[in-house]
Amino acid sequence: MQIFRELQRRNVFRVSIGYAISCWLLAQVADLVLENIAAPAWVMQTILLVLALGFPIVVFFSWAYEVTPEGIKRESEVDRSQSITHVTGRKLDRAIMLTLVLAVSYFAIDKFFLSDRRDAAQDTPAADLTASIAVLPFVNMSDDASNEYFSEGLSEELLNLLAKIPELRVAARTSSFSFKDQALDISDIARRLNVAYVLEGSVRRSGDQVRITAQLIKADDGYHLWSDTFDRTLDNIFVIQDEIASEISLALLPRIIAGSGTVTAAADDSAYDYKPSPDVYQRYLLARSLFNKQTRDDIRQALEILTTLTRENPGYAEAHALYAHVMYYASARNGGDVPWIMAEAQINKGIREALALNPDLAEAHLVEGRMLQRGRNLPAAMESYEQTVAQNPSYAEAYVYLGDAALTMKDEARAWQAFDKARSLDPLSVSVLTSVAQAAFQTNRPEVAEDAISVLEQLQPEAASEQRVLKLALDKDLARFAVQLEKHRETYPDSRVFAYRLAEAYALLGEFEKAGALVPQFGMLIAAQQGRDDVALSAMNELAAAETDPHDRADVYWMGYCALGRYDDALKVLSDLWYGYAEEQMGPRMDGFDVDIFAVLLAHAGRRAEADKILEVIRAEEASRRVTEPPGRLLLAEGRLDEAVAQLQQAADRAVFDNFGMRPYFCYAGLDAHPGYPALLAKFEAWRKQQTELYRSLQAVQ
């Protein structure tokens, strides 16, 4: 009893109770925060360990030390008659009561508010993990490190086979392969990918002999549902892939049936059954590995391999589809070197060859959709994307393009259905998160955008910074956009993102030298708009000579001529571009804005019949995009000048101007003849002055 009274007198019980309640409350808050930031499980485990280790230390100090008016002293050094443990005890009682109130409050909030949200989240399809799997990149166990592409390629091929099971959600390659060479628990990987099962394995290759080891793991308990080792020669590698996919299906299908009722077997009615030789297949895997890296040099190497591969193996549908996909990214219109006029024909040829051999090839339909979308045939592009996801329900990239096309066609519900699917399949993909953020900006969903950007900040801070800058551009906050983009480029000096937009901002803000130095084309436009015709013409010819693509060369010429007021010359350039193709290929071969300006210039030149024919093409495209109100430039082309000016004035009130260089509407031939044009320019100049003053003030405080 004496020891009990002494423990009570020294407030050991009070300190222990207070510490226990505080630890519980801290652990609950930490668990909530760490769950929302997707922290690894070891972080929470470390916190709990530290709190547990702290308990005996706190008990020891409360027994051995006492708080006195002179500070903390050893209990043996304190005169019992001078002890104030009773005063300290009352203070501890109040602290315990306050902590207890906080703990009870948190418990009530968690019970009656947060738990409802968790239950609701668990009811959503995204949280149903019953039939979900991630295929991790198989480890290369070969002596030759160059076989890395082979082991990764096998993993990707297995992923594609499993993705054909409609009821099985397969995490996309981008997210699954992002964990390569990372020492993480399977449970951590599964949690981040939001899947219930994980397939991992290894590949050991020696000559034409290959050993593949694979194991299927249930993520929540680490239990191995299935594992096997396959010793084969390379000429039956496809049989191994089919065997592994079949074994996994047999292991998972009973669980899928139990979780969702029925399972639809992956349909494969195609007569296509081409099996390439081991050497050809290895070259195909190498080309895909290079393409997946997405660097300019790697894409160039992949294209070289596939050019030879498709010529020597005309029956290989997958190679033709991959060739078309690689050529699309190798084209000058997508940052590559191949002129578009050449790339376009090769891409379409690759698509035709692939689909003629295998009409159900998902990748071929994807590239077909990209070409149709570039040709401004959105309904047909949507059909191609729908076919893609029908053949491969786990094709995250296809859902992104489907969402983008649906958004352009004003089908917001379908767009977000696709974007949400893409993110659930590829939660750690920078490109998917970027597309989601941009779509959220466009559809006024700030919470969705912020959520995507917060994940981007953990994966790739540069991409997150780009999206925050883009938001300012979309908001027409020119001054802040310019300042923030300058900061972004200082932080990431290798970044070339939004260079064109920054040059345009500089031109509008009077920073003409900066604009021309950043994008030489703006130097040409500014010189033309300042009346320095010789300088503008010289720059125009120099820039055009540097372009390898006829479309890009035409853009330089028509914009330069319009800036100089030489509308007849600009019209000739666009006429040559438009009429340079067969009748059925007109229109879609040119960019949309080029076609609009072509119609404006035709109308201005009095070529009404030709202008009307072009307008028919444009109206059909607008109808497919559900555009109800044509842009002001098209009203101008139709001769509806009053309506055009009225619409442009309404857009100007929202700080929306069609401009290149330092002056708006310079390519709108005939607009300056309208009496309302001076007022339109006045709105532009007022906005420009306000933005310039704001930019200068923001620069001053940097």
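The exercises below work through a predicted model of one protein chain, each with its solution.

Residues are numbered from 1 along each chain as its sequence is written, and side-chain values use heavy atoms, with hydrogens and water left out. In this predicted model, local features need pLDDT of at least 70 and side-chain atom pairs count only at pLDDT 80 or more, while totals for chains, interfaces and linings use all residues.

**Exercise 1. The chain as a whole**

Task: State how many helices and strands the chain has, and what share of its residues count as buried.

Solution: 
- Step 1. Helices (H or I, at least four residues) and strands (E, at least two) are DSSP runs, numbered from the N terminus. The chain has 31 helices and 10 strands.
- Step 2. Buried means under 20% relative accessible area, exposed over 50%, partly exposed in between (1.4 Å probe, protein chains only). Of the 702 residues, 48% count as buried.
- Step 3. Contact means heavy atoms within 4.5 Å. Among contacts with a separation of 6 or more, 60% come from residues 24 or more positions apart.

**Exercise 2. Confidence**

Task: Find which element has the lowest mean pLDDT and which the highest.

Solution: 
- Step 1. pLDDT is the predictor's confidence in each residue, from 0 to 100. The chain averages 83, and 83% of the residues score at least 70.
- Step 2. Helix H4 (residues 85–123) has the lowest mean, 60. H11 has the highest, 96.
- Step 3. Residues 114–128 have pLDDT below 50; beyond near neighbours in sequence, this stretch has eight contacts in the model.
- Step 4. Residues 259–267 also stay under 50. The model gives them 14 contacts beyond four places in sequence.

**Exercise 3. H9 against H11**

Task: Describe how helix H9 packs on helix H11.

Solution: 
- Step 1. Two packed helices are described by the angle between their axes and the distance between the axes. Axes are lines fitted to C-alpha atoms, for helices over the stretch in contact, and angles run from 0 to 180 degrees between N-to-C directions.
- Step 2. H9 (residues 278–293) and H11 (residues 317–330) pack at about 25 degrees, with axes 11 Å apart. H9 is therefore roughly parallel to H11. Angles under 35 degrees count as roughly parallel, over 145 as roughly antiparallel, 65 to 115 as roughly perpendicular and the rest as oblique.
- Step 3. H9 passes H11 in a left-handed crossing. A crossing is left-handed if the near helix is turned anticlockwise from the far one by less than a right angle, and right-handed if clockwise.
- Step 4. H9 brings Tyr284, Ala287, Arg288 and Phe291 to the contact. Residues from H11 include Leu322, His325 and Tyr329.

**Exercise 4. H25 against H27**

Task: Describe how helix H25 packs on helix H27.

Solution: 
- Step 1. H25 (residues 550–563) and H27 (residues 592–604) pack at about 45 degrees, with axes 12 Å apart. H25 is therefore oblique to H27.
- Step 2. The crossing of H25 past H27 is left-handed.
- Step 3. Asp555, Trp558 and Cys562 of H25 meet Phe593, Asp594, Ile597 and Leu601 of H27.
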